[in-house]
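Here are my notes for your first look at this one. Keep the display open as you read, and check each point against it.

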Amino acid sequence: MQFFVVYIREAHPLDGTSPLGGGGMPIVEDPITLEERNGVAEVCMTRLALEPMAALVDGVDDAVGRAYAAHPDRLYLVGRDGRIVYQGGPGPGGFKPEELAAAIRAERVRSAGSDGRPPAPDRQGHSPH
Amino acid sequence: MRRMSPWILTLAASTTVVSGAAAGMMMEAPTPPSPPPSSPSGASAPAPAPPMDVAGRHTSVWTYLRDRYDGDGDGRITGEEYGRDAARFARLDRDGDGVITASDVQGSSRRPGRPSRDGRATGRRPMLAQRLVAMSFQDDADASSMTVAEAARAFAAYDTNDDGRVDEAEFTCAVAARRVMPPGVNERMLERLGRETTVWAAMVESVDGDRDGMIGRAELVGFVRPLADAEGVWTIGAPNGRAARPGEGRASRGSGPAVGVMAPDFELRPPGGGEAVRLSSFRHERAVALIFGSYT
């Protein structure tokens, strides 16, 4: 099982249309460049103790966030066949980690019940058989 | 993204491959040669501080902005001092006086869902409030955009006693007199949304910053201006008030890939630099959980 936090556009930057910040809420300006977004993402991963997961950062064109209709936040599980196994509801109300956990458990049971891992192709792309 | 299941974090700790080792997992698609690190001055140069309160020192948005941008310490952040882009400056300069001051940003220093100590409006602009304001103050109720100037003009026309505030009576008379749209349109919208309230009350909830039950000119301009682009044009209903790029349509509000469809492929990098990761490289190897979100 692989986990990625995909860091996308800020939901409530202080210079956006729905600003939050202060009084316990993080104070963040809407990043303009990928470098700025990388910096915010690194702080976020530490502050929210998400470091057991690897982080990837969406480009400032928000292409991946939009492809997954992921703003402001959302959970997905992609199966080993590359297909969506679980699509969480749109955040924040639909962001339910317990649902993702249940989907992961179900997927692991499904994988364990299959014929076992197919032999991985070697680097030239040919099956060992 | 604040709430994360401890079970997921524990599982992630034992199974996630961090990016350096992940390159070895990508056996199906040859990894392209990695481009040089993003920092042009080389890997050893320290990255500039990200645009945020990193240490969590600031209790308010204003002190953060002041410390970061108010170079001459006069309590006013000019465009030159700010130095980022014009659209973001315009959204911060809520009263439109050309400088960012504490009073511009006071509305944002708050947790969501709680009134502020000074009673100001939350700074949030729910879509319902946006639509009601637009339909009430536009020159042309059918138009998909309006300008800050239009809002100010309509305000002046509604404010029949010229006291700088529009109260419910002035508003009701003015809207009825304009006859720009068939009566009852806004009321029917509220009904459809299941809102047990009047048009006036629903609008005032988001616009009436000082809670005096009336809409002041600065409050209306302060509501509309951050939604407008650098030219002062507000595209009503667009995410963040900005017109969509050609071909984008309402893609950002689409439903996303449903169960059973192929996950849209992507290639993204970790924030600290390093190998790019392609989602499809995990096919036939591992399932991948994706947690989309941001810090705010």
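**Notes on the two chains**

1. Start with the fold of chain A. From the N terminus on, its elements run β-α-β-α-β-β-α. That makes three helices and four strands. Keep in mind throughout that this is a predicted model.

2. Now look at burial and contacts in chain A. The chain has 129 residues, and 57% of them are buried. Take the contacts in chain A with a separation of 6 or more: residues 24 or more positions apart account for 38% of them.

3. Among contacts in chain B with a separation of 6 or more, 52% join residues 24 or more positions apart.

4. About 8,500 Å² is buried between chain A and chain B. Carbon and sulfur atoms give 61% of that area. On the chain A side, A:Gln2, A:Thr17 and A:Glu29 supply 9% of the area that the chain buries against chain B, more than any other three residues.

5. Find the largest nonpolar core. It has 34 residues. Those with the most contacts inside it are A:Phe3, A:Leu50, A:Met53, A:Leu77, A:Leu100, A:Ile104 and B:Ile291. The largest share, five residues, comes from H1(A).

6. Zoom in on A:Met53, one of the residues with the most contacts inside that core. Set aside its neighbours within four places in sequence. Within chain A, A:Met53 is then in contact with A:Phe3, A:Val5 and A:Met45. In chain B its contacts are B:Met4, B:Leu9, B:Ala12, B:Thr16 and B:Ile291.

7. There is a second, separate core, and it has 33 residues. Among them are B:Val133, B:Ala134, B:Met135 and B:Trp200.

8. B:Trp200 also leads us to helix H11 (residues 199–207) of chain B. Why is this helix called largely enclosed by the rest of the structure? Because seven of its nine residues are buried. These are B:Val199, B:Trp200, B:Ala202, B:Met203, B:Val204, B:Ser206 and B:Val207.

9. Check the empty space too. Rolling a probe the size of a water molecule over the atoms shows where such space is left. The structure holds two cavities of 30 Å³ or more.

10. Last, a single residue. A:Ser111 sits in helix H3 (residues 97–112) of chain A. Is A:Ser111 buried, partly exposed or exposed? Its relative accessibility is 24%, so A:Ser111 counts as partly exposed. A:Arg80 is 31 residues away along the chain, yet the two C-alpha atoms are separated by 8.6 Å.

Terms used: Residues are numbered from 1 along each chain as its sequence is written. Chains are lettered from A and ligands numbered from 1 in the order in which they are written. This is a predicted model: local features need pLDDT of at least 70, side-chain atom pairs count only at pLDDT 80 or more; totals for chains, interfaces and linings use all residues. Side-chain values use heavy atoms; hydrogens and water are left out. On a 1 Å grid over the protein atoms alone, a cavity is a set of points where a 1.4 Å probe fits but cannot get out, and a pocket is an open set with protein on both sides within 12 Å along at least five of seven lines; lining residues have an atom within 4 Å of a point. Grid points are joined across faces, edges and corners, and a volume is the space filled by probe spheres set on the points. Helices (H or I, at least four residues) and strands (E, at least two) are DSSP runs, numbered from the N terminus. Buried means under 20% relative accessible area, exposed over 50%, partly exposed in between (1.4 Å probe, protein chains only). A nonpolar core is a set of buried Ala, Val, Leu, Ile, Met, Phe, Trp, Tyr and Cys residues joined through side-chain atoms within 4.5 Å. Contact means heavy atoms within 4.5 Å. Buried area is the accessible area (1.4 Å probe) that two parts lose on being put together, summed over both.
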